[in-house]
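Dear colleague,

Please find the structure we discussed placed directly below.

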Amino acid sequence: MKKKTKVFSLFMICLLLVMMDVPVQAKKTKNYWPKQPDKITAGAAILMDIDTGTILYKKNINKKYYPASITKILSVLVAVENSRMDEVVTFSHDSVFKTEGSGIWRDVGEKMTMEQCLYAVMLESANECAYAVAEHISGTMEKFVKLMNEKAKKLGCKSSNFTNPHGLPDENHYVTAKDMAIISRAAYENETFRLLCGTKRYVIPPTNKHKEPTYLTNHHKMLYPKDTAAYLYDYCTGGKTGYTIAAGNTLVTYAQKDGMTLVSVILNGTSPQYWNETRSLLEFGFENFNLCNVAEYFGADENNEEEKLDTLNANDPFAQIDPQAKVILPKSVNFNKTEMTINYENLPENSLAQLIYTYGNRKIGTADIIRTNTFIDNHVDAITESTESDSLDENIEPAENQTAVSDEPQQESDEADRQAEDKQQEKTESGKKDLNLIDSLKEKIQNMEITEHIQNFDIHKLIDSVKGFFQNKKLDFSGNAWIVLGGIFAGIVLILIFKILFNRSYVIRQKLANYRNRKIERKKYVVIRDYRKGRKRKNR
């Protein structure tokens, strides 16, 4: 009996040692982030979500490389923001003779609209058109380049420098993958740029120097099969290619699928691998990440699902969470795993505050608290002025009617004044409720805390207790006891092997994550059954 007790005690100790591994494993998977399974051979690569700016994949993103013709993304963005599409651009001697490489062979003195020039820049990567656009906007290429660098710095680029608008080789003309993704994201937010970079074909009509039309085709093979259809990608919405001997192959690609828009950047790539690697990056993003609408999750109360922000006031709310705000997360991670901080500095226009969401060490998106069409201050002032005006109108009467009014009972006049005062007080209190809405929102935000924490396990106490057990007890095992003990250890080893395989098996985790997501989605909706009896159709 004593031996059985010792064996049982040893079994419990082993079980506790196995359980010690649980918090450690939870900590490792707490900030799970998918890894790109395919090897990227390009010098640098990045995959970024357009909506949130979150980096989903990165390789050497802060290393400087020559960009080649993807420089034209920044050039076109600056041109779109500083000109009209119907402006007439005249080609100078420098624009024609100081450029080489890709172009559409324009002549000195040739005239084209800004729109035609920018299509030539984005589709045919026309260097002379980029030069002519720069001179037209700023007078000289050097002044236009200054605008380019100022724009890049304003967007947050820290490790890039531009010396020309076309990307021809220059030692001082370089970018990083991160900066190029930031520029590409900002450009794609411009509607005119999206139209330019996503156009497959364009025709320039005859000009004063060319009697025949000029046909343009997009060089991006994932969007348009210029030479081959082998690299076409159904979800590609645009991009820009680049190549020089010094830069190698460079590529910026936009793609959209299931409401998610991604941009990938390849620097110092090789052909044809950089086409396949771009596709692999985009598929990795679409298969492993989801966009979450913040407004749908914000303020949700499990005990009272019907509670909404606008129920804080009977009138329209003064502020609300931007309904378009989104964060991006791995598909196997729930929204409640995110952390949130509130920012009140450097806010966008019309924003009262900004919610910054992070997951682990990654910033995954922001949500602005924005003003609505309800203006509280003006509303209260208007009520006061309207009430005062009504009171004056009631007191000022024509002279011929003043005698008749004075003959009426004084009680009726007092009753009307009291009703007017009560009405004014009710409206003023309503305005004060709206004024306090922001404070209510702030308080509600601050009360949103993640309640799930991993409880710490005191390992030192357990180790000390194990040591004390072995020091105070003398174990005497028989043959059967050793067999039982061996079986226990074998079971422990099998459990550990299973846990290791489970943690390293992407397929198992993904299936479990999909099951959990489907279960959560089913809880979001309430099935409403209609029990009304159907009416029989009358036979005619």
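**Helix packing**

Helix α3 (residues 72–81) packs against helix α8 (residues 177–188) at an angle of about 35°, and the two axes lie 10 Å apart. Their crossing is left-handed. On the α3 side the contact is made by Ile73, Leu74 and Leu77, which meet Met180, Ile183, Ser184, Ala186 and Ala187 of α8. By class, the residues of this contact comprise 7 nonpolar, 1 polar and no charged. Please bear in mind throughout that this is a predicted model.

Lys151 belongs to helix α7 (residues 141–155). Its relative accessibility is 16%, and because buried means under 20%, Lys151 counts as buried.

**Overall architecture**

The secondary structure of the protein amounts to 18 helices and 17 strands. Of the 540 residues in the protein, 40% are buried. Among contacts with a separation of 6 or more, 65% are between residues 24 or more positions apart.

Leu56 provides an example from strand β2. With a relative accessibility of 3%, Leu56 counts as buried. Setting aside neighbours within four places in sequence, Leu56 is in contact with Trp33, Leu47, Asp49, Leu262, Phe284, Gly285, Phe289 and Ile328. Leu56 and Arg362 are separated by 306 residues in sequence, while their C-alpha atoms are 9.7 Å apart in space.

Tyr32 is found in the loop between α2 (21–30) and β1 (44–49). Although placed in a loop, Tyr32 counts as buried, at 17% relative accessibility. The C-alpha atoms of Tyr32 and Val333 are separated by 7.8 Å, and the two residues are 301 residues apart along the chain.

A further pair is formed by Leu352 and Arg371, which are 19 residues apart in sequence and 7.1 Å apart from C-alpha to C-alpha. Leu352 lies in strand β16 (residues 351–359), and a relative accessible area of 18% places Leu352 among the buried residues.

**Backbone features in loops**

What is the peptide bond from Ser271 to Pro272, cis or trans? The bond is cis, with omega near 0°. Pro272 itself lies in the loop between β11 (260–269) and α10 (273–288).

Asn60 is a residue other than glycine with a positive phi, near 50°. The loop that holds Asn60 runs between β2 (55–59) and β3 (64–65). At 39% relative accessibility, Asn60 counts as partly exposed.

Trp105 likewise has a positive phi in a residue other than glycine, here near 60°. Trp105 sits in the loop between α4 (93–97) and β5 (111–113). Is Trp105 buried or exposed? The relative accessible area of Trp105 is 66%, and since exposed means over 50%, Trp105 is exposed.

How many cavities of 30 Å³ or more does a search of the whole structure find? The search returns 3 cavities of 30 Å³ or more. The largest cavity has a volume of about 40 Å³. Its lining consists of Tyr66, Pro67, Ala68, Gly167, Leu168, Pro169, Asp170, His173, Thr244, Ala246 and Ala247. By class, the lining of the largest cavity has 7 nonpolar, 3 polar and 1 charged residues.

With kind regards

Key:
Residues are numbered from 1 along each chain as its sequence is written. This is a predicted model: local features need pLDDT of at least 70, side-chain atom pairs count only at pLDDT 80 or more; totals for chains, interfaces and linings use all residues. Side-chain values use heavy atoms; hydrogens and water are left out. Helices (H or I, at least four residues) and strands (E, at least two) are DSSP runs, numbered from the N terminus. Buried means under 20% relative accessible area, exposed over 50%, partly exposed in between (1.4 Å probe, protein chains only). Axes are lines fitted to C-alpha atoms, for helices over the stretch in contact, and angles run from 0 to 180 degrees between N-to-C directions. A crossing is left-handed if the near helix is turned anticlockwise from the far one by less than a right angle, and right-handed if clockwise. Contact means heavy atoms within 4.5 Å. Ala, Val, Leu, Ile, Met, Phe, Trp, Tyr, Cys and Pro count as nonpolar, Asp, Glu, Lys and Arg as charged, and the others, Gly among them, as polar. On a 1 Å grid over the protein atoms alone, a cavity is a set of points where a 1.4 Å probe fits but cannot get out, and a pocket is an open set with protein on both sides within 12 Å along at least five of seven lines; lining residues have an atom within 4 Å of a point. Grid points are joined across faces, edges and corners, and a volume is the space filled by probe spheres set on the points.
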